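User: Hi! Could you walk me through how to read side-chain contacts here?

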Amino acid sequence: MTTSLTDGTDGLETIVAARTVLSEVDGAAGRLIIRGRSLDELAGRTRFEDLVGLLFDGFYDDLPDDIPAALGEARAEVFAEVAALDTGLLDRTPVEAVRALMARLADGDDAATALRLLAAPAVFTAAVVRAQAGEAPVAPDPALRHAADILRMLRGAPASDAEADALDTYLVTVSDHGLNASTFAARVVASTRAGLGSAALAGISALKGPLHGGAPGPVIDMLDEIGDPANARAWIEAALDRGDRLMGFGHRVYKVRDPRADALKQAVRWLDARQGRLEFAEAVEAAALAILRERKPKRSLETNVEFYTALLLEALAFPPSTFTCVFAMGRVAGWLAHAREQLAGGRLIRPASLYIGPVPRQAA
């Protein structure tokens with residue numbers, strides 16, 4: 001029997017569409033659990049490669065014991081596809097160019113395919129940024145940890161340990177987050193047995209939307225336009241008067257502060273040269289929260305992951321146009337784990353719909 005949808009469920013937020021061991025988002029408590037461990041336990045304490053091992057555990061029988069080394073080799077392998085960058089791709093947005101390069105990778109369901117897909121957004125994003133700036137792409141160094149190599153490929157120079165640790169914190173923090181839009185898209189495609197590559201492409205296609213992973217970039221625009229803490233209240237009130245969405249605040253699931261925001265804020269603190277920018281952002285955040293409470297007292301609009309994502313990625317020298325690509329570097333681990341979990345269940349995802357169109361006229 002089909003259950004009718006009401007105004008409160010037409011986004012499917014009350015519908016359970018999957019059983020998962022991968023993550024739980026507790027919006028009321030402001031808590032994120034990944035494979036039985038809280039975000040507080042993982043963020044700032046776990047490297048991305050170790051997080052991959054945690055997410056993939058039990059889903060890939062052929063997963064190598066040495067994931068850092070295998071992921072390094074995968075980066076070197078997918079770098080060959082950078083040769084396909086041409087004027088047509090370089091004229092696209094970074095996320096569109098990265099998606100096109102990912103589509104060149106062979107599909108499959110094994111660990112080797114998963115590792116190539118894990119490596120791909122990292123390698124391709126750095127290559128696209130450099131090529132669009134007229135610089136030669138930098139080949140991966142398989143001996144480096146994943147976060148350090150990403151920054152080296154982006155800049156053409158080694159990253160500090162603090163910078164690599166900050167990027168690791170980001171990748172771990174965004175690696176999985178329940179059945180969000182991109183993860184659900186990946187699971188739907190995986191359920192057709194199209195392959196992990198197809199599932200990852202579905203994920204990144206959903207992620208690029210401004211209501212999902214395409215949102216952090218405008219936070220930088222907001223901060224730049226405000227310019228000084230003294231301007232914050234006037235700017236924010238004018239934006240709300242126009243009916244603009246205040247980027248970096250409010251979340252579909254969290255009814256309290258997004259726990260990922262604090263994890264990323266702490267990562268920014270590790271980068272000593274960014275303390276002035278952080279203090280400015282904190283002043284803007286305080287003004288925004290005060291105004292939102294005044295204007296929308298019945299709604300819980302707290303700081304979300306986008307706000308400090310923008311600040312952290314800016315500090316690491318990623319252009320705002322690439323923020324969605326960097327999100328994909330972390331979230332691809334969740335997509336691939338969910339894809340394999342969906343395959344293990346073996347069920348094609350095929351929800352029902354409620355027809356509300358016209359009814360054919362019956363013959364007299």
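Analyst: Gladly; let's begin with burial. Buried means under 20% relative accessible area, exposed means over 50%, and partly exposed is in between (1.4 Å probe, protein chains only). Lys 265, with a relative accessible area of 16%, is therefore buried. This is a predicted model, where local features need pLDDT of at least 70, side-chain atom pairs count only at pLDDT 80 or more, and totals for chains, interfaces and linings use all residues. Residues are numbered from 1 along each chain as its sequence is written, and side-chain values use heavy atoms, leaving out hydrogens and water.

User: How many salt bridges are there?

Analyst: First the general idea: side chains of opposite charge can pair when their charged atoms come close. The rule asks for a side-chain nitrogen of Lys or Arg within 4 Å of a carboxyl oxygen of Asp or Glu. That gives 20 salt bridges.

User: Which residue forms a salt bridge with Lys 265?

Analyst: Glu 282 does, with the closest N and O atoms 3.2 Å apart. Helices are DSSP runs (H or I, at least four residues), numbered from the N terminus. Glu 282 lies in helix α14 (residues 275–295) and Lys 265 in helix α13 (residues 259–269), so the pair ties together parts that are 17 residues apart in sequence. Glu 282 is partly exposed, at 22% relative accessible area.

User: Where in the structure do Arg 233 and Glu 237 sit?

Analyst: Both are in helix α12 (residues 232–241), 4 residues apart, so about one helical turn separates them. Arg 233 is partly exposed at 35%, and Glu 237 is partly exposed at 24%.

User: And is Arg 130 buried or exposed?

Analyst: Arg 130 counts as buried, at 11% relative accessibility. Its salt-bridge partner is Glu 135, with the closest N and O atoms 3.7 Å apart; Glu 135 is partly exposed at 42%.

User: What about aromatic pairs?

Analyst: Rings of Phe, Tyr and Trp (its six-membered ring) pair if their centres lie within 6.5 Å; planes under 30 degrees apart are stacked, over 60 edge-to-face, and the rest tilted. The whole structure has 3 aromatic pairs. In one of them, the rings of Phe 56 and Tyr 60 have centres 4.6 Å apart and planes at 40°, so the pair is tilted. Both Phe 56 and Tyr 60 are buried. Phe 249 and Phe 307 also form a tilted pair, 5.3 Å centre to centre with 55° between the planes.

How values were computed:
Helices (H or I, at least four residues) and strands (E, at least two) are DSSP runs, numbered from the N terminus.
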